[in-house]
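Trainee: I've got a model open and would like to talk it through with you. Could we go from the overall fold down to the details?

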Amino acid sequence: MLEFALAPGKGYISIVAWPSRPWAAKHDRNEERRMISKKIVDRINLQINREMYSAYLYMAMSAKLGDDGYKGIATWMMTQYHEEMFHAMKFFAYLQSQGAMPKIDKIDAPTVKAKTVKEIFEATLEHEKYVTASIRELLELALAEKDYATENLVRWYVNEQVEEEQNAVDIIQKIDLIGENKQGLFMLNAELAARTPTIPLDYTAPFPAV
Ligand SMILES: [Fe+2]
Ligand SMILES: [Fe+2]
């Protein structure tokens, strides 16, 4: 809106463009093309951050295990890092497919307090339980909003979490069987070295349609 106004005491007429485009502040460029609610987008972005943190945590655990000489278990943990990155990228691609923009936020530095191999897997299980609760929260939000596309996607993560927790439980049970036996840990190290990622590791084409 253009407004003509006299500038008092200055002897000239100024043209004041105010308020300029009052509707602009409210306009969200993405709103027209977005197929899911802003609340869901924000919650998925939070989940992306949590998946990235999980990746970061397992990378830190891998560093610790490698430093302690458990190179095979470190490989297993680095595979876990890739799995978590895939979880983040799957949400990333979903947001884009729904006309929403992923938000790349700060990732907290992980702290690995666990000292033994068993403690590392106990911490892994504890962290996975936290992620399961977070995924459930996201599913409940999708259900409350009757957002069935998001619900479909999140159910994939629900199944994935069952597997993630089971993996940690299985390894803890094996360590319990081994006890203090160093030879047993040596065997476990060799066994876990064989793990390879089952998910795609190429993120160069994040748009699902491309
Ligand atoms: Fe994950
Ligand atoms: Fe996980």
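Trainee: How many helices and strands does the protein chain have, and in what order do they run?

Mentor: Helices (H or I, at least four residues) and strands (E, at least two) are DSSP runs here, numbered from the N terminus. The protein chain comes to 5 helices and 2 strands. Read from the N terminus, the order is β-β-α-α-α-α-α.

Trainee: What ground rules apply to the numbering and to the model?

Mentor: Residues are numbered from 1 along each chain as its sequence is written, while chains are lettered from A and ligands numbered from 1 in the order in which they are written. This is a predicted model, where local features need pLDDT of at least 70, side-chain atom pairs count only at pLDDT 80 or more, and totals for chains, interfaces and linings use all residues, with side-chain values using heavy atoms and leaving out hydrogens and water.

Trainee: What is the mean pLDDT of the protein chain?

Mentor: pLDDT is the predictor's confidence in each residue, from 0 to 100. In this chain 83% of residues reach 70 or more, and the mean is 88. Over residues 1-5, though, the pLDDT is below 50; beyond near neighbours in sequence, that stretch has 16 contacts (heavy atoms within 4.5 Å) in the model. The mean you asked for is 88.

Trainee: What share of the residues count as buried?

Mentor: Buried means under 20% relative accessible area, exposed over 50%, partly exposed in between (1.4 Å probe, protein chains only). Of the 210 residues in the protein chain, the buried share is 40%.

Trainee: Which residues are donors to the iron ion (ligand 1)?

Mentor: Donors are N, O and S atoms within 2.8 Å of the metal (3.2 Å for Na, K and Ca); water is not among the atoms, so sites may look incomplete. Along the chain the spacing is E-x32-E-x2-H. At 2.0 to 2.1 Å, the donors are Glu51 (OE), Glu84 (OE) and His87 (ND1).

Trainee: Why are Glu84 and His87 about one helical turn apart?

Mentor: Both residues are buried. They sit in helix H2 (residues 71-97), and they are about one helical turn apart because their separation in that helix is 3 residues.

Trainee: What geometry does the site of the iron ion (ligand 2) have?

Mentor: Its protein donors are Glu84 (OE), Glu128 (OE), Glu128 (OE) and Glu164 (OE), at 1.9 to 2.5 Å. Four donors count as tetrahedral if all angles lie between 85 and 135 degrees; four count as square planar and six as octahedral if opposite donors are over 155 degrees apart and all others between 65 and 115; anything else is irregular. Angles among the 4 donor atoms run from 53 to 152°, and the site is irregular.

Trainee: Which parts of the chain do Glu128 and Glu164 come from?

Mentor: The donor spacing for the iron ion (ligand 2) is E-x43-E-x35-E. Glu128 and Glu164 are 36 residues apart and link distant parts of the chain: helix H3 (residues 117-144) and helix H4 (residues 148-178), respectively.

Trainee: Which residue bridges the iron ion (ligand 1) and the iron ion (ligand 2)?

Mentor: The two ions lie 3.3 Å apart. The residue that bridges them is Glu84.

Trainee: Which residues are linked with Lys118 in a network of salt bridges?

Mentor: A salt bridge is a side-chain nitrogen of Lys or Arg within 4 Å of a carboxyl oxygen of Asp or Glu, and the whole structure has 8. Lys118 pairs with Glu122, with the closest N and O atoms 3.8 Å apart; these two are 4 residues apart in helix H3, about one turn. The network links Lys118 with Glu122 and Asp176.

Trainee: Is Glu151 buried or exposed?

Mentor: Glu151 forms a salt bridge with Arg155, closest N to O 2.8 Å, and both lie in helix H4, 4 residues apart. Arg155 is partly exposed at 38% relative accessibility. Glu151, with a relative accessible area of 14%, is buried.

Trainee: How far apart are the end C-alpha atoms of H3?

Mentor: The expected span of a helix is 1.5 Å times one less than its number of residues. For the 28 residues of H3 that should be 40 Å, which agrees with the model's distance of 41 Å.

Trainee: Which residues does Ser62 touch?

Mentor: Ser62 lies in helix H1 (residues 38-67), and at 7% relative accessibility Ser62 counts as buried. Leaving out residues up to four places away in sequence, Ser62 touches Ala74, Met77 and Met78.
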